[in-house]
Amino acid sequence: MRTPLLAANWKMYKTVAEAEAFVLALLDLAEGVEVGGVEVVIAPPFTALSAVAAGVVDTGIGVAGQDLHAEAEGAFTGAISAGMLVEAGATHVIIGHSERRRLFGDTDDAVNRKTKAALAAGLIPIVCVGETLEERDGGEMPAVLTRQLRGGLDGLSAEQVGGLVVAYEPVWAIGTGRTASTAQAGEAHAHIRSTLGDAFGADAADSCRILYGGSVKPGNVRELVAEADVDGALVGGASLDPESFHQIVAGGRGAGL
Ligand code: PGA
C-alpha cells in the first residue's frame with residue numbers, strides 16, 4: 001500500500017509574505033473538506049522554507065527544498081546544503097527537475113550525488129526524470145528513463161530506493177498545458193517501476209512512490225492518479241493558488257485505487 005503524495009513545486013514564485021498567506025488559506029480549506037489518506041508536501045523557494053515550515057507545524061504537511069548542493073559546506077556561492085534545508089524545516093527535497101537539468105546543467109551524476117547527500121541528512125528525495133518531446137518522438141522514452149534512474153540512483157540500497165519518491169515529468173508537458181494522456185503516463189510509470197525492480201528488487205519497486213508531473217490541474221488529477229502505477233502528482237503552476245492545490249489534493253485520494 002502506497003500512500004498517495006501530492007507535492008506543490010512553487011519554482012521561483014512567492015515571497016515570504018505570499019507563502020505565509022498561501023499556507024493560512026490552504027489550512028482553512030483543509031478544515032472544511034476532508035483530505036485524509038494522502039500526504040502533502042510544499043516546495044517553496046529557499047527564502048520561504050522556514051516560514052512555510054512554521055506555518056504547517058503539527059499538520060503533517062511536509063516541506064521540500066527545490067534543489068540542494070551535494071557538499072555539506074564550502075565555497076559554492078548561491079548553493080544550499082542538505083543540512084541547511086533540514087535546519088530550515090525541510091523534510092523532502094526535489095532533485096533533478098528538468099529545469100535544473102536544462103537551465104543549470106544538472107547531470108545524472110549530479111543527481112546521484114545530491115540524492116546521496118539528501119539521504120545522508122535524513123531528507124526524502126523526490127527525484128525527477130522525464131524525456132523531451134524529441135526523445136519521445138524518437139521512441140527513446142524508455143531508454144531515457146532507464147538511464148536517468150540508473151544514473152541518478154546508482155549505489156543506493158534497496159531500502160533507500162523504497163523510501164524515496166520518483167517524479168515522472170515529461171519535459172513536453174511541463175508548463176505547456178499539454179498533459180500526458182493516462183495511457184502515456186501509465187506506460188511510463190510502469191516502465192519506471194519495472195526498471196526499479198530490475199535494479200533494486202521487487203520490494204523497493206513496490207514501495208517507491210512514483211508521481212506524475214506536467215500540467216496537472218484539478219480537472220485532470222483524478223484520471224491520472226487512477227492509473228495503477230501513478231501514486232500522486234508533482235504540481236507546478238496549479239499549486240500556486242490554494243483553492244486549486246486543495247482541489248488537487250482532494251482529487252489525489254484516488255491514487256493507487
Ligand atoms: P507544471 O509544472 O505543473 O506547471 O506543468 C510541473 C513541474 O515542473 O513540476
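The entries start with the ground rules and then go to the ligand, the loops and the aromatic pairs.

**Ground rules.** I am working with a predicted model, where local features need pLDDT of at least 70, side-chain atom pairs count only at pLDDT 80 or more, and totals for chains, interfaces and linings use all residues. Residues are numbered from 1 along each chain as its sequence is written, and side-chain values use heavy atoms, with hydrogens and water left out.

**Ligand shell.** I looked up which residues come nearest to the ligand: of the 13 around it, they are Lys 11, His 97, Glu 169, Gly 175 and Ser 215. A residue is near if one of its heavy atoms lies within 4 Å. I sorted the shell into 4 nonpolar, 7 polar and 2 charged residues. Here Ala, Val, Leu, Ile, Met, Phe, Trp, Tyr, Cys and Pro count as nonpolar, Asp, Glu, Lys and Arg as charged, and the others, Gly among them, as polar.

**Contacts.** I checked N and O pairs within 3.5 Å. A polar side-chain atom of Lys 11 lies 2.7 Å from a ligand oxygen. For Ser 215, a polar backbone atom is 2.7 Å from an oxygen of the ligand. At Gly 237, a backbone N or O atom lies 2.8 Å from a ligand oxygen. The protein covers 95% of the 290 Å² of accessible area that the ligand has on its own (Shrake-Rupley method, 1.4 Å probe).

**Loops.** I then placed two of these residues. Lys 11 lies in the loop between strand 1 (5–9) and helix 1, and its phi is near 50°. Ser 215 lies in the loop between strand 7 (209–213) and helix 11 (221–225), with phi near 55°. Both values are positive in a residue other than glycine. Most residues other than glycine have a negative phi.

**Aromatic pairs.** I found 3 aromatic pairs (ring centres within 6.5 Å; planes under 30 degrees apart are stacked, over 60 edge-to-face, the rest tilted). Phe 22 and Phe 245 form a tilted one, 6.4 Å centre to centre with 40° between the planes. Phe 22 lies in helix 1 (residues 16–32) and Phe 245 in helix 12 (residues 242–251), so the pair ties together parts 223 residues apart in sequence. Helices (H or I, at least four residues) and strands (E, at least two) are DSSP runs, numbered from the N terminus.

Terms used:
A polar contact is a pair of N or O atoms within 3.5 Å; within protein, one must be able to donate a hydrogen and the other to accept it, and residues adjacent in sequence count only if both atoms are side-chain atoms. Rings of Phe, Tyr and Trp (its six-membered ring) pair if their centres lie within 6.5 Å; planes under 30 degrees apart count as stacked, over 60 as edge-to-face and the rest as tilted.
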